[in-house]
There are 2 protein chains.
Amino acid sequence: MRQRIWLESRAALTPAAPALSCNGETWSFAALAARARGAARALQARGVRPGDLVAALLPNGLDFVALIHAAPLCGAALVPLNLRLTARELAFQLRDAAPRLLVHGPAELARLAQAATESLPELMRVPSPLADVTGGELRAELSLEETAAVVYTSGTTGLPKGAELGFGAFAWSAIGSAFHLSNAPGDHWLACLPLQHVGGLAILYRSALTGAPVTVHERFDPQRVSDELDQGRVTLVSVVATMLERVLDARGARPAPPSLRCVLLGGGPAPQSLLRRARALGFPVATTYGLTEAASQVATLSLDRARLPGDAVGRPLFCTELRIAGPDGQALPVEQPGEILVRGPTLMKGYLRRPEDSARALRGGWLHTGDIGVLDAAGDLRVLDRRSDLIVSGGENVYPAEVEATLREHPAVSDVAVAGQPDPSFGARVTAWVVLRADAEASAGELGTFCRGRIAGYKIPRAFHFVRALPRTESGKLLRRALTPAP
Amino acid sequence: MRQRIWLESRAALTPAAPALSCNGETWSFAALAARARGAARALQARGVRPGDLVAALLPNGLDFVALIHAAPLCGAALVPLNLRLTARELAFQLRDAAPRLLVHGPAELARLAQAATESLPELMRVPSPLADVTGGELRAELSLEETAAVVYTSGTTGLPKGAELGFGAFAWSAIGSAFHLSNAPGDHWLACLPLQHVGGLAILYRSALTGAPVTVHERFDPQRVSDELDQGRVTLVSVVATMLERVLDARGARPAPPSLRCVLLGGGPAPQSLLRRARALGFPVATTYGLTEAASQVATLSLDRARLPGDAVGRPLFCTELRIAGPDGQALPVEQPGEILVRGPTLMKGYLRRPEDSARALRGGWLHTGDIGVLDAAGDLRVLDRRSDLIVSGGENVYPAEVEATLREHPAVSDVAVAGQPDPSFGARVTAWVVLRADAEASAGELGTFCRGRIAGYKIPRAFHFVRALPRTESGKLLRRALTPAP
């Protein structure tokens, strides 16, 4: 289904309405659309053509938002890169995605972009902001079937894979979200999480569709978020548990401002204590279970329950279906825990250029999340456990296999296992259990230093336990759950 | 794009929430879904298969609503028939649509259905309610590209044509409407117009998508509408100008209840005096310009302007585009009147089995409405005139060509022209100018009686003027605007 470019449609509808506030400036939808057109022409002038990918290594801000909306104007799909990755990790994703060019921010990000593309001399690096180029025919329409963005996520193998998300996926995510949380004339979102994350990206697409303005913080600062909420303009904010906790810490006993009608809390299971604390202060916390592969929200607590006790993440978005599956893939009855399967219009098309991984993840038309959950008779989902091997630390996903593969490269390491240990602030702390070679030695500090530059800082184990052997089954499979803090 | 059957998705999401109130009963989404499943199985048992059409000659009520949602469960598209048509008119539409079967209401409607199908002996007539049949595999998904309904509308030729509207058209109409008028937790629609009309049908699809309950009145009763509004449950109501006027008459000076947040006023240009009167009493009137061929709303006044003076119908729904075209089809600048063209995801696929009419109506990808309008610099549409030959009388469209063709069949009529004359209550009064044969005689009463049974009552001229000749151009083209009340 073809339709008008979203930001163009929105700018025609409410041109003077505020679209974006960041860095102390506010841009109307007309101004943002003009900026997006300029960026799109600049991309075209550098050879971007329909079907191309455009990678972005950009901080939260106007240029990033303009690029999100520039991409469809020249028929390109966006590849938003995580700024916390190392040059080596970025190089892998860039080689994998093979974008037409890489748009990057200044200073540190320019150096990072250079380091990441050292082994990719043919990849053009373009500093942001993109010069406003005049002329050039832009597209007027997009197709819901086209890819809007390729968002990288890791799998059990530790190999990052690009989830190809269509405009239809973001549209139905925005629609389902609006039907779930309702949309009201005074709505105003605060985006203080990285826009590279699917949850941040979704806010921007949603804004173009519904017309609600977005305030974007360049980086997460709990005091600034707290002050922003107290100003009474923001009505909805997306956070992960760690962020909410730090905002509450910054506020002390100050209750939630009455203007705030929804705190959308995603990024992994939220601690009960945090939910109680926030709700006691009047914060309407709508917990959500989301996935990159489903353009963010899958199930979200309805607003009439956001102030009530409970740890369910609520019901699926309109047109999204959930199934709890047993070990053989059979649908389990209510109250029986199993793997969470997801089906519906928000699902990715697949992993970029990985037909086998895609077919496996989407077998039978259902996304197999690997997460463990349970549905109750009322249709509410509770997430019991993110996929057994996934560590959610401060809202970032860490895949043990990737960390283990990195540590195995160290000459002193014979065997290694990585798992999350409970952490009151970050949800989970990345922890490694290491078996050293008989003739070798290595300290925790040395292994940490070895990881630095190879994997992003948030993936580096915070604690190393040196053990003689790892708990394994007879067939050699690691018993990750048998890893204990002090073995 | 495939997605779960809407009512099933909604019933899974908010099963206990009220979906429909009518005839003193309230049905939850779970109960309505169960009823729709029963009706779908009954259709299947009578041979309805994917791709079939199912015609409905039903009064407003539960059975009609259940049938709307039953159709996609067996892959059929609905053909809602106007209850005010004559058997002859219905027979034409049934022969044209060639549905698998005709579901009809009791008593008068059963007799009308029988009369309409006399010349179609092979067409099965099925009385409503459809018996609940168990067993039978129902569809779980629909495609946005599939036809949801075929809604008949007439053209300049007077020949009714079935506008094929896909689920995507109704989905984007509901989405655009929700983004335009916002959707809130306490929303509750009142449908007091015929559900056969695209504006009535759209309310029901919208309800399944957003979860807002609908109260359906079996027939329009101004006092009952007024009482319903005063009860404070209804927040949105769809009406045409005549209906609004009669409701205001019934209320006298009683101001609008505070619970009412939107009166969606469609069905032809609204008199300024009516807008002033309603708004003075506090009614938030959002005028809308809609078309059967665009699944109802095309442009709608935003709610923040619904209490302000002005006769603009506002801006297009999200993703709908408007163009004002000159005589050669060229786009005209702002403030210049011309033909209203419409493009976007709510457009019909075409007229059923009329590729030439469809190609002409949708040439260049734009729906050519024939209506005259003007866009101002802010993007607001004002409708200056419905297509010159269209008479909008009490919210029903009357096409002069059809009435003229009927009167020409009378042996005493030599020439005839039909046009609308201003009417304070109905907007326009159908009026005929008749030239009798030299040797013949016929009274106004006789011609009116001749029309009865041939065309619907609302199409029959309320006044006949007998003239010696009609105003025509040298080439013989009728100068409809030169017709005067007392020639």
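This is a short tour of a predicted model, stop by stop. Residues are numbered from 1 along each chain as its sequence is written, with chains lettered from A and ligands numbered from 1 in the order in which they are written. In this predicted model, local features need pLDDT of at least 70 and side-chain atom pairs count only at pLDDT 80 or more, while totals for chains, interfaces and linings use all residues.

Chain A averages 92, and 97% of the residues score at least 70. For the complex, the predictor gives an ipTM of 0.83 and a pTM of 0.86.

Next, select the open sheet of 9 strands in chain A, ordered E3-E2-E12-E11-E13-E14-E15-E16-E17 with mixed pairing. Strands (E, at least two residues) and helices (H or I, at least four) are DSSP runs, numbered from the N terminus; two strands pair if DSSP finds at least two bridges between them. At the edges are E3 (25–28) and E17 (315–316) of chain A, each pairing on one side only.

Zoom in on E11 (189–191) and E12 (214–216) of chain A, which run parallel and are joined by 3 bridges. A:Ala191 has A:Val216 as its bridge partner in E12(A).

Now move to chain B and select helix H6 (167–181). 15 of the 15 residues of H6(B) are buried (20 or more other C-beta atoms, placed from the backbone, within 10 Å of a residue's own), so H6(B) is largely enclosed by the rest of the structure. Just after H6(B), B:Ser182 takes a positive phi of about 60 degrees.

Methods:
The expected span of a helix is 1.5 Å times one less than its number of residues. A residue is buried if 20 or more other C-beta atoms lie within 10 Å of its own, exposed if 12 or fewer, and partly exposed in between; C-beta atoms are placed from the backbone. pLDDT is the predictor's confidence in each residue, from 0 to 100.
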